[in-house]
Every structure is written in C-alpha cells, then in structure tokens.
Amino acid sequence: MHRTIADQTEAELGGRGSVLVRQRRDHVDLDHLLERCAATDGDEQLGVLNRIYRLVFSHAFAEEAVLWPALRRSVPDGEALTLRVEQEHQEINDLVTRLERARPGDPGREALLGEVVDLLRRDVRDEEDLLLPRLQEHLDPAALRRLGRSWELVRRIAPTRPHPVVSRRPPGNVLSALPLSLVDRSRDALDGVGRRWPRPLGGAASATSAALAEVAGAIERLPGMRRGERPATRRGDDAVAG
Ligand SMILES: [Fe+2]
C-alpha cells in the first residue's frame, strides 16, 4: 500500500524544494480557491475562476511536460498511471472550454461548474494518493528536489488556459507551451481590465481577449502541436469548434 503524500511532513517529502512539497502547496491553494468560488457569484466568481484557471492549467501543463515523463521513466506501471491523470486533465480542459463560453445564469452552467470542481478534486486525490507516492518510492530526495526545480521552471512559462487540442504529452505540449502562454497571459491581463474598467476601455479589452482566443485556437492546430498524443486524450477540431 502506498502512503499518500497528503499527511507527510516536508522532511519526509524531500524538503522544501521537493516536487512533492511544491505540488501539495499548489493543491492546498486550489482547495482554498474552490471554497471561495462556491461562496461567490457573478463577476466576483468570474475573477476567482480566472485565478483557479491560472493556477490549474500552468500546474498541469508542467506536470505533463516534466513530471509524468519522469514517472514513466522511473516507475514500471508509469504508463497506465500517467494516462489516467492525463485523461482527467483532458476532461478538465474540455469542460472548462465549455464553461468559458457560458455566462452566469446560463442554463446548465451551474452543473458544468460542479463537474469541473468534482474533477479537480478527484485529480488532486489521484495525484497525492496514487502517482506522487510512487515517485517518492523510486526517487531519492535530491532527485525529488531537482525535479521540483524543473517543474517550477516550466510552470512559470506554461499556458494558463484550457487547450484541449494540443498533445497532453511531449513533444507537442512542450512545443506549444511558449506561444500559448504568451497569448493566455495577455488574455488574463485583458480580461482583468474588462472586468474592472467601465466601457469603452473595458469592452475593448474583452473584445481583444476574445480575438486572441481565436489566435490560441489557430496555434493549437499548427503542425507538431498534437505530436506525442495518445488516442485516449486526442481531440479533433469538433472539441474546440464554435
Ligand atoms: Fe498536481
């Protein structure tokens, strides 16, 4: 039986810089944000959701680029374990893409939001109880800290929005990281202006962000961005159309 990383001390997890400690810290931050999301509505909730997306998608993108390949290299059943979490990530990308198109009050939006929250919590449990303990068994503390630094580095330059079409695995996801990140982070800033400023500036910012969403969709379809994908997480053009 593998021991969850949820209740271990920092020293047991390899020290402050260990990838296990960094992962758990983000998961705790996510938990707080999900609680705030449940306690808010309207524009305030949209602001909280934007913070959740910024945390979740860069975190998961760096997992897919750095962490899960390391798990596949070091753990015998790493392929099946990581595919399970990649499928969860793919589902979250799909659901949030749909949620982003809905506005507060739209029919079905609350149910969609509930699905996203449930899936995010399940993903954290799978990582802390199943995948990360396996990494802990196979890597020494120095290796966990090295992996922590690589994961952190990629996380800082990773996209912050859902991208259901790009590959969940290298090399496609690594290739797409920088251009999608530039577009996403510009959209984060523009959406912040759109929410806080009155028209016409706020409206212009929101319109520019929507135009950039089209640019992101075009980047996702560039040659090479889907390389490395497994059939279970592949999405066609239909997934992002509309
Ligand atoms: Fe994680």
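This is a predicted model: local features need pLDDT of at least 70, side-chain atom pairs count only at pLDDT 80 or more; totals for chains, interfaces and linings use all residues.
**Exercise 1.** Find the partner of Tyr53 in an aromatic pair and classify the pair.

*Solution.* Step 1: the partner is Phe57, with ring centres 6.0 Å apart. Ring centres must lie within 6.5 Å to pair. Step 2: the planes make an angle of 55°. Angles under 30 degrees count as stacked and over 60 as edge-to-face, so the pair of Tyr53 and Phe57 is tilted. Step 3: Tyr53 and Phe57 are four residues apart in helix H2, which means a separation of about one helical turn. An α-helix has 3.6 residues a turn, so residues three or four places apart point the same way. Step 4: Phe57 is also buried, at 6% relative accessibility.

**Exercise 2.** List the protein donors of the iron ion and locate His27 and Glu63 among the helices.

*Solution.* Step 1: the donors are Gln23 (OE1), His27 (NE2), His59 (NE2), Glu63 (OE) and Glu127 (OE), at 1.9 to 2.4 Å from the iron ion. Step 2: their spacing along the chain is Q-x3-H-x31-H-x3-E-x63-E. Step 3: His27 lies in helix H1 (residues 19-39) and Glu63 in helix H2 (residues 42-74), so this pair, 36 residues apart, links distant parts of the chain. Step 4: His27 is buried at 7% relative accessible area, and Glu63 is buried at 0%.

**Exercise 3.** Describe the span of helix H4 and say where its kink is centred.

*Solution.* Step 1: H4 covers residues 109-138 and reaches 42 Å from its first C-alpha to its last, close to the expected 44 Å. Step 2: a kink of about 40° is centred on Glu127, one of the iron donors.

Methods: Residues are numbered from 1 along each chain as its sequence is written. Side-chain values use heavy atoms; hydrogens and water are left out. Donors are N, O and S atoms within 2.8 Å of the metal (3.2 Å for Na, K and Ca); water is not among the atoms, so sites may look incomplete. Helices (H or I, at least four residues) and strands (E, at least two) are DSSP runs, numbered from the N terminus. Buried means under 20% relative accessible area, exposed over 50%, partly exposed in between (1.4 Å probe, protein chains only). The expected span of a helix is 1.5 Å times one less than its number of residues. The bend at a residue is the angle between axes fitted to the seven residues ending there and the seven starting there.
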